[in-house]
Amino acid sequence: MYQLELSDFTRDEFLRDYWQQKPVVIRGGFSDFQDPLSADELAGLATMEQVESRLVSFVNGQWQAEFGPFQSFEHLAEKNWSLVVQAVDHFCQPAAKLIEPFRFVPNWRLDDLMVCFATPGGGVGPHIDLYDVFICQGSGKRHWRVGDRGEHREFAAHEALLHVDPFEAIIDVELHPGDILYIPPGFPHEGITLETSMSFSVGFRTQSRMNLFSALADHLIDRDIANEMIEDPGRPLSSAPGEINNADYQLIKQQFTQVLADDALMRAFIGSHLSQAKHELDRCEEDIGGYTRGDVSQILKQATEPGAVQPVYNLQRLGGLRAFYFSDMLASGVCYINGEPHPFDVGIAPVIKLLCDQVTLSPQELTSWCENEHFIDFITEQINAGYWYFA
Ligand code: SIN
Ligand code: CO
């Protein structure tokens, strides 16, 4: 388990003074940091079809970028390249544990764990991200420069690489294993590897108005809802046919505001939309559909019996699976898992909350639920969907 150690501020102070506002270096944020996966394991992930990866190199003054999957890495030189793999939390449970220390920001804001292996001189070049990121330095050393927010010209250094013009650094540091660099959106930055390095970026996402409106439109279309037409009986005589008068403008705007004012609709949309995984989930095919309610109930009961013999299983949420609730919807028996509403009996609301709040549930936390048939029904369905498993 990774423990985040903050010596210069508390989590509250971090959120008040830095989050979304300014970059900061957290020296020794993790003591005795061990890489949760090796460079070879990362390279293995980058050979998989369902994993998003990129090789970025700087050769003879030219930036190059290539998307995976990759067959081999043997042709690469010893310097000036990096391999970046997205959503490693979906595919590697030990690496997913690195997200846990950052759960003081809620899960809906989280995006993924990106891992970068880089040889000396390697990096992805100076750029700006739209997202908050905690870059945790694993093995090796990297030199990081971060500039201030402002007008920075962006340009395509390669068709897959958006870079910024050179910038003046407000942070200029060497990161060593266990150090963390937090960068909010909009600050130009660049990491150049000094010694072959592994770095682990816990990234967050937010939503633009444009994306939200576009996703809302998809939600309405997919469900064929909010299809009420504009109605205008009793319309007064129009003397200016070319005009959209103020009363009509208000009538049209109401089509939007009525959707936005419908809390049931909006919560269903927000819950479904935010719980969608951005990357493919790595569901264990062997487990899908393989459990009866009896099996699940027995595994849970065995584990919770006093003096239970090993192995005792934890109930583990699949890496990258997104599961959310609204407090006031818990009382009406709906939560949102992987893009869909999931109804449940309100009697099991407390354990649904646990399933959404915690990635791992110990047998002790489930003791009072393992005889509850509503819970057994619910969790058997989830296990058979590959969303939770016994680990
Ligand atoms: C990297 O590790 O080189 C990319 C991380 C980032 O700058 O966002
Ligand atoms: Co970046």
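Modeller: We start with the ligand and then turn to the pockets. This is a predicted model, where local features need pLDDT of at least 70, side-chain atom pairs count only at pLDDT 80 or more, and totals for chains, interfaces and linings use all residues. Residues are numbered from 1 along each chain as written, chains are lettered from A and ligands numbered from 1 in written order, and side-chain values use heavy atoms, without hydrogens and water.

Biologist: Which residues are around ligand 1?

Modeller: A residue is near a molecule if one of its heavy atoms lies within 4 Å of it. Here they are Met114, Cys116, Val124, His127, Asp129, Arg142, Trp144, His189 and Ser199.

Biologist: Which polar side-chain atom of Asp129 or His189 lies by ligand 1, and how far away?

Modeller: A polar contact is a pair of N or O atoms within 3.5 Å. A polar side-chain atom of Asp129 lies 3.1 Å from a ligand 1 oxygen. His189 also has a polar side-chain atom 3.1 Å from an oxygen of ligand 1.

Biologist: What space does ligand 1 take?

Modeller: On a 1 Å grid over the protein atoms alone, a pocket is an open set of points where a 1.4 Å probe fits, with protein on both sides within 12 Å along at least five of seven lines; lining residues have an atom within 4 Å of a point. Ligand 1 takes space in the largest pocket. That pocket holds about 960 Å³. Among its 37 lining residues, Arg54, Gln86, Met114, His127 and Asp129 are the closest to its centre.

Biologist: How many residues line the second largest pocket?

Modeller: It has 18, and its space is about 440 Å³.

Notes. A polar contact is a pair of N or O atoms within 3.5 Å; within protein, one must be able to donate a hydrogen and the other to accept it, and residues adjacent in sequence count only if both atoms are side-chain atoms. A molecule sits in a cavity or pocket if more than half of its atoms lie within 2 Å of its grid points. Grid points are joined across faces, edges and corners, and a volume is the space filled by probe spheres set on the points.
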